[in-house]
Amino acid sequence: MLPVIAVDLGAGSLRVARVDLDRIGDRNEPVEVVHRYAHSPVRSSDGSLRWDWPRLMTEVELGLELALQAGSVASIGISAWGVDYGLIDAGGRLTSPPFAYRDSRTSGWQST
């Protein structure tokens with residue numbers, strides 16, 4: 001079976017790993033982290049806290065290139081923040097960098 005690539009967009013770091021599923025359970029490490037990038041939300045000119053989306057995408061692309069240097073893969077999976085989102089226009093373009101979940105815009109909100 002071909003390996004897979006896993007991309008994890010975490011709150012403090014981005015990781016791209018090449019995973020050999022045939023070796024899961026082996027004593028040898030089946031996961032090879034090929035790229036890691038430490039990041040944090042940035043303060044926008046309007047005072048909001050947002051993700052540096054262009055930089056994150058540059059780092060994801062770099063990680064994918066590095067992971068593919070070792071050969072073909074069966075698939076690529078991406079995991080990102082569970083509560084953050086980006087708005088996309090009719091042409092499929094991101095309208096602005098996504099708000100970070102730590103932004104104060106929802107500070108007074110409570111669920112019932």
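1. A quick convention before anything else: buried means under 20% relative accessible area, exposed means over 50%, and partly exposed is what falls in between, using a 1.4 Å probe and protein chains only.

2. Ground rules. This is a predicted model, where local features need pLDDT of at least 70 and side-chain atom pairs count only at pLDDT 80 or more, while totals for chains, interfaces and linings use all residues. Residues are numbered from 1 along each chain as its sequence is written, and side-chain values use heavy atoms, with hydrogens and water left out.

3. The core. A nonpolar core here is a set of buried Ala, Val, Leu, Ile, Met, Phe, Trp, Tyr and Cys residues joined through side-chain atoms within 4.5 Å. The largest one has 14 residues, and Ile5, Leu14, Val16 and Leu56 have the most contacts inside it. Two or more residues each come from β1 (4–9), β2 (13–19) and α1 (53–68); helices (H or I, at least four residues) and strands (E, at least two) are DSSP runs, numbered from the N terminus. Leu14 is worth a click: leaving aside residues up to four places away in sequence, Leu14 touches Asp8, Leu9, His35, Arg36, Tyr37, His39, Leu56, Glu59 and Val60, with contact meaning heavy atoms within 4.5 Å.

4. Salt bridges. The cut-off is a side-chain nitrogen of Lys or Arg within 4 Å of a carboxyl oxygen of Asp or Glu, and the whole structure gives 5 of them. One of these joins Arg55 and Glu59 at 2.8 Å, N to O. Those two sit 4 residues apart in helix α1, so about one helical turn separates them. Arg55 is partly exposed at 38%, whereas Glu59 is buried at 8%.

5. Two further bridges. Asp89 pairs with Arg93, with the closest N and O atoms 3.4 Å apart; Asp89 is partly exposed at 29% and Arg93 is exposed at 52%.

6. The one I'd look at: Asp84, in the segment after β6 (75–79). Asp84 is buried yet has no salt bridge, and the nearest side chain of opposite charge, Arg105, is 5.4 Å away. (For charge, Lys and Arg count as positive and Asp and Glu as negative; His and the chain ends are not counted.) What Asp84 does have is a side-chain polar contact of 2.7 Å with Trp51. The backbone nitrogen of Tyr101 also lies 2.8 Å from a polar atom of the Asp84 side chain. A polar contact is a pair of N or O atoms within 3.5 Å; within protein, one must be able to donate a hydrogen and the other to accept it, and residues adjacent in sequence count only if both atoms are side-chain atoms.

7. Aromatics. Rings of Phe, Tyr and Trp (its six-membered ring) pair if their centres lie within 6.5 Å, with planes under 30 degrees apart counted as stacked, over 60 as edge-to-face and the rest as tilted. There are 2 such pairs. Trp51 and Trp81 have ring centres 4.5 Å apart and planes at 5 degrees, so they are stacked. Both are buried, Trp51 at 1% and Trp81 at 14%. Trp53 and Trp81 make a tilted pair, 6.3 Å centre to centre with 55 degrees between the planes, and Trp53 is partly exposed at 24%. Trp51, Trp53 and Trp81 form one aromatic cluster.
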